[in-house]
Amino acid sequence: MDGIRVATGLGRGARAQPELAAAAVTRAAARAHIKSARSVILFLTHHFASDPKPALRAAARAASCTQITGCTAAGILTEEEWILDAPAAAAMVLAGPCYLDHVHKADEDAILSLATPGDLSADWLDAGYRRVGTVAGDIAGRGPFRVWSGGQIRREGRAEVALRGLQASLGASQGVRALTSPIEVAEVQGYDVLKLGHYPALNVLVQALPIGVREMDRIPLHLIMGGVTFGDPATAIKEGRYRLNHIVAANVSEQSITFAERLTRGERLFWAMRDTLAAERDMRGTIEKTAQALSGPPDCALLFPCAGRGPHFYGNRDRDLELLTHHFPGLPVIGTYGNGEIGPLDEANHLYQYSAVLGLLRGSAIEAP
């Protein structure tokens, strides 16, 4: 049996031209030592969103296949480089026993899942498959957005393909610094949390902030969020069993906090803050834990960081990508910077924000030498 053939390529230019997609596929095919691909994952920067069809046709010709899946995004990445500020294409070619396929009922293979912001639904997310993917986006977060599979733009704004012939291990790094332990939500009114434990929610938040942040004229709410825990609250933070809930407003007169998602009385919430060192530490642990679940070293990887977490967060470098390529030198990696990240949480699929979702893939159909 032929072994897995997988590689990536980039195409970058001054304008969003179809030749960039063709160049990305051609470079990937040359690195994989193949003349034609069985499947292609193709991501394009938001510059292509108005009309990606010419780029898809050019990629199909270069790959000699039509099984092409991908989306437009605020930025793209491979193991070589990340690109946010220029028209570009990133391609991963698959050949040999691994390929992209239609999703079947009760599928056990991991499902590459892509959606536009307006077409992402809870029913689709919770279909029962193990999903890994991203929400298509642009820098402004307003669109247009495009998603494709089988080389065709999906009118429904969603695409899902099974990763056949590949053993997949999935993980996610939320990478926040916990400011408190989990506290019981004691009083709620709509989207407003009035009390945590016996104290007003805003008062608990202010007391939890680092002194330097507490003394600012205005609290940087965009860096602070609540973490809602699952299971045993004593170990939930350490084990990553929490979902982040974003702050909409701090209400001084009521001493309450308005959240983006409703909370329920009795849930446990801890205050957290976005922090680069915590994010790096958490990503390192995510890579190690995800790798341990594979039967051997990965053959390729999918990496989906939030557009608000990548180079903009780390200071013009992407530490998530750097940590992954340092851990696995030469590993083919492809991904995007999106408006949300799709991955596992508490044995279900979850839509993350300000996080990085990782899929490590190993050829499962390769015969032992």
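Where in the chain is the place of His-33? His-33 sits in the loop between H1 and strand S2 (39–45). This is a predicted model: local features need pLDDT of at least 70, side-chain atom pairs count only at pLDDT 80 or more, and totals for chains, interfaces and linings use all residues. Residues are numbered from 1 along each chain as its sequence is written, and side-chain values use heavy atoms, with hydrogens and water left out.

**Overall build**

- The protein has 9 helices and 26 strands. Both are DSSP runs, numbered from the N terminus: helices are H or I with at least four residues, strands are E with at least two.
- The radius of gyration is 21 Å, which agrees with the value near 21 Å for a compact globule of 369 residues. That radius is taken over C-alpha atoms, and the globule rule is 2.2 Å times the number of residues to the power 0.38.
- Along its principal axes, the C-alpha trace spans about 65 × 45 × 35 Å.
- Of the 369 residues, 53% count as buried. Buried means under 20% relative accessible area, exposed means over 50%, and partly exposed lies in between (1.4 Å probe, protein chains only).
- Take the contacts between residues at least 6 apart in sequence: 77% of them join residues at least 24 apart. A contact means heavy atoms within 4.5 Å.

**Helix pair H1 and H2**

- Two packed helices are described by the angle between their axes and the distance between the axes.
- Helix H1 (residues 18–32) packs on helix H2 (residues 53–63) at an angle of about 30°, with the axes 7 Å apart. Axes are lines fitted to C-alpha atoms, for helices over the stretch in contact, and angles run from 0 to 180 degrees between N-to-C directions.
- That angle makes H1 roughly parallel to H2. The classes are roughly parallel under 35 degrees, roughly antiparallel over 145, roughly perpendicular from 65 to 115, and oblique for the rest.
- H1 passes H2 in a right-handed crossing. A crossing is right-handed if the near helix is turned clockwise from the far one by less than a right angle, and left-handed if anticlockwise.
- H1 brings Pro-18, Ala-21, Ala-22, Val-25 and Thr-26 to the contact, and H2 brings Pro-54, Ala-55, Ala-58, Ala-59, Ala-62 and Ala-63.
- By class, the contact of H1 with H2 has 10 nonpolar residues, 1 polar and no charged. Nonpolar covers Ala, Val, Leu, Ile, Met, Phe, Trp, Tyr, Cys and Pro; charged covers Asp, Glu, Lys and Arg; the others, Gly among them, are polar.

**Helix pair H7 and H9**

- Helix H7 (residues 276–292) and helix H9 (residues 319–327) pack at about 40°, with their axes 10 Å apart.
- The crossing of H7 past H9 is right-handed.
- On H7, the contact is made by Glu-280, Met-283, Arg-284, Ile-287 and Glu-288; on H9, by Arg-319, Asp-320, Leu-323, Leu-324 and His-327.
- The contact of H7 with H9 divides into 4 nonpolar, 1 polar and 5 charged residues.

- Arg-31 belongs to helix H1. Arg-31 is partly exposed, at 41% relative accessible area.
- Beyond its neighbours within four places in sequence, Arg-31 contacts Ala-7, Thr-8, Gly-9, Glu-79 and Glu-80.
- The C-alpha atoms of Arg-31 and Ile-76 are 19 Å apart, across 45 residues of chain.
- His-33 counts as exposed, at 67% relative accessibility.
- Phi of His-33 is near 60°, a positive value in a residue other than glycine.
- His-33 and Ala-7 are 26 residues apart in sequence, and 9.0 Å apart C-alpha to C-alpha.

**Other loop residues**

- Pro-87 lies in the loop between strand S5 (82–83) and strand S6 (88–95). Pro-87 counts as buried, at 9% relative accessibility.
- Not counting residues up to four places away in sequence, Pro-87 touches several residues, including Gly-11, Arg-12, Leu-20, His-47 and Phe-48.
- Pro-144 is in the loop between strand S9 (131–135) and strand S10 (147–149). The peptide bond from Gly-143 to Pro-144 is cis, with omega near 10°.
- Asp-346 lies in the loop between strand S24 (341–345) and strand S25 (348–352). Asp-346 has a positive phi of about 55°, although it is not a glycine. Its relative accessible area is 43%, so Asp-346 is partly exposed.
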